[in-house]
Amino acid sequence: MIRLTYFSIIGIVIALCAYWITSNPGQVLINWQGWEIRLSVDVLIILIVLYTFTFLMVLKLLRWLNIANFLSNPKRLATKRAKAESHLDQAWGSYALGDFELALKQGLKAKSANGENNSVLRLLAKVTQKLEKDENPYLEKLKLSSGNNIWVHKQDLHKYLQDKNWPAAKEIVSLMLEEHPKNPYLLKEAILLNARLSDWENAKNSISSMEKNRSFFAKNDLNHIKAVVDYALALEEKAAGKKSEALNLLKTSLNNDPSFAPAALAAIKTLIELGDIKTAEKTLKAIWKIAPNDELSDVALDLNPQESSTETYRRVKVLCDSAPHFAESQHLLAKSAIATKHWPEARKALDTLIGSDKASKETYMLLAKLEVKQKNDYEAETKFQKIAEQKPLGNKWLCHACGSSPQHYLPICDECGEFDSVKWSKN
Ligand SMILES: [Zn+2]
């Protein structure tokens, strides 16, 4: 409607002008170097209008054929492009070195040298994200084109993972998986995010999807993750009072990763509760050879409440002799020997560690205890306690993501929320 009024007004103005010109006729005379052109004003105006129209059409045609760019000095264009590329290279360099302010400056120089394009926008979006500004206009611009969807989602995902915002990260991954359901990187993130959110059933589903497609993980690593997920599910079953379901899951867990000690410990404890001491002992023997730890050591001492202390010592000795190279074996043997007053055996076990890099705080604390129990030698006790203070802590549960050391194994670190980061290791 507005357009129609606009054109009507222009039409009326043109008509009025035409009327005015015809009612005020005149002549134009051009006299130049013996040439003489005589025109009426009407014809002159028509000629001017026609000339302007033709000129505009030719210009449009040139632009359509993309000749205009070609005409506007290709050498200059190439220089501009090279300049922009060099600024962009420098910007990525600064980005890699963590100097985001400088990267932003160089990125903006690239932008002013050769205008906005996807590569410049991506750099600026990433830098702005690193600078933690409230607004990211470059990211918004990239979002406008659907070709950038994956790239934009990946930026958001990185940010959420960095902020440990697991629910938001999971939402993005689910969104991306709709378009790329077989992508191994996305399936890996789905497994880890479900696990971090303790959504073990969905973690298991994501693992199955990965197994049907190309795996992101090496076979052993994926098997270990499967073992941890089944272990977590088993703990849930056990908490709900379903001991045999829990035990089945723990068996699957150990089948997938026979060295996963927490699953063995939970299985041993459940078997003891179910009265199956024999299988509990078998499970303990199997794991002790591969991955002994302090919690398994405690359960080894209390495995069978019905046996005498000498019987316990004999059983423990067989267990420790099966893996004598572990400090855990010598400590356990010494503990059991002290409890049954087998003094020479206790000393022998500790002597194998003294002087080696396996000796830890615990080795000297046990030595101090032995001096008191065997000889009532409180002086020697103090001496060894002092040495113990200077010794390393030895193996313990340690989160490899945040460095905290929980008392027991945890599938998700209490301190930092990371999945499967707690390992039995040296400080
Ligand atoms: Zn942690």
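In this predicted model, P292 counts as buried because 25 C-beta neighbours lie inside 10 Å, where 20 or more are required. P292 is located in the loop that joins α15 (277–290) to α16 (294–301). Leaving aside residues up to four places away in sequence, the contacts of P292 are S297, A323, F326, E328 and S329. P292 also lies 9.2 Å from W424, C-alpha to C-alpha, although 132 residues separate the two in sequence.

Helix α14 was examined next. This helix comprises 13 residues, and the distance from its first C-alpha to its last is 18 Å, close to the 18 Å expected at 1.5 Å a residue. Since ten of the 13 residues are buried, α14 is largely enclosed by the rest of the structure. The buried positions are A261, P262, A263, A264, L265, A266, A267, I268, T270 and L271. Among the elements that cover them are α12, α13, α15, α16 and the strand β4 (422–426). Just after α14, G275 adopts a positive phi of about 80°.

Helix α13 (residues 243–256) has 14 residues, which should span 20 Å at 1.5 Å a residue; the end C-alpha atoms are 20 Å apart, in agreement with that expectation. Buried residues in α13 are A246, L247, L249, L250, S253, L254 and N256. Their cover includes α12 (219–239) and α14 (261–273).

The largest nonpolar core contains 66 residues, of which I191, V229, Y231, L250, A263, A264 and A267 touch the most other members. For A267, the contacts beyond four places in sequence are L247, L250, K251, L254 and T283.

The crossing of α9 and α10 is left-handed. On the α9 side the contact is made by W166, A169, K170, V173, M176 and L177, and on the α10 side by L186, E189, A190, L193 and R196. Eight of the residues in this contact are nonpolar and three are charged, while none is polar. In an α-helix there are 3.6 residues a turn, so residues three or four places apart point the same way.

Key:
Residues numbered from 1 in each chain as written. Predicted model: local features only at pLDDT ≥ 70, side-chain atom pairs only at ≥ 80, totals over all residues. Helix = DSSP H or I, 4+ residues; strand = E, 2+ residues; numbered from the N terminus. Buried ≥ 20, exposed ≤ 12 C-beta atoms within 10 Å, placed from the backbone. Contact = placed C-beta atoms within 7 Å. Left-handed = near helix turned anticlockwise from the far one by under 90°. Nonpolar A, V, L, I, M, F, W, Y, C, P; charged D, E, K, R; others polar. Expected span 1.5 Å × (residues − 1). Core = buried A, V, L, I, M, F, W, Y, C linked by C-beta atoms within 7 Å.
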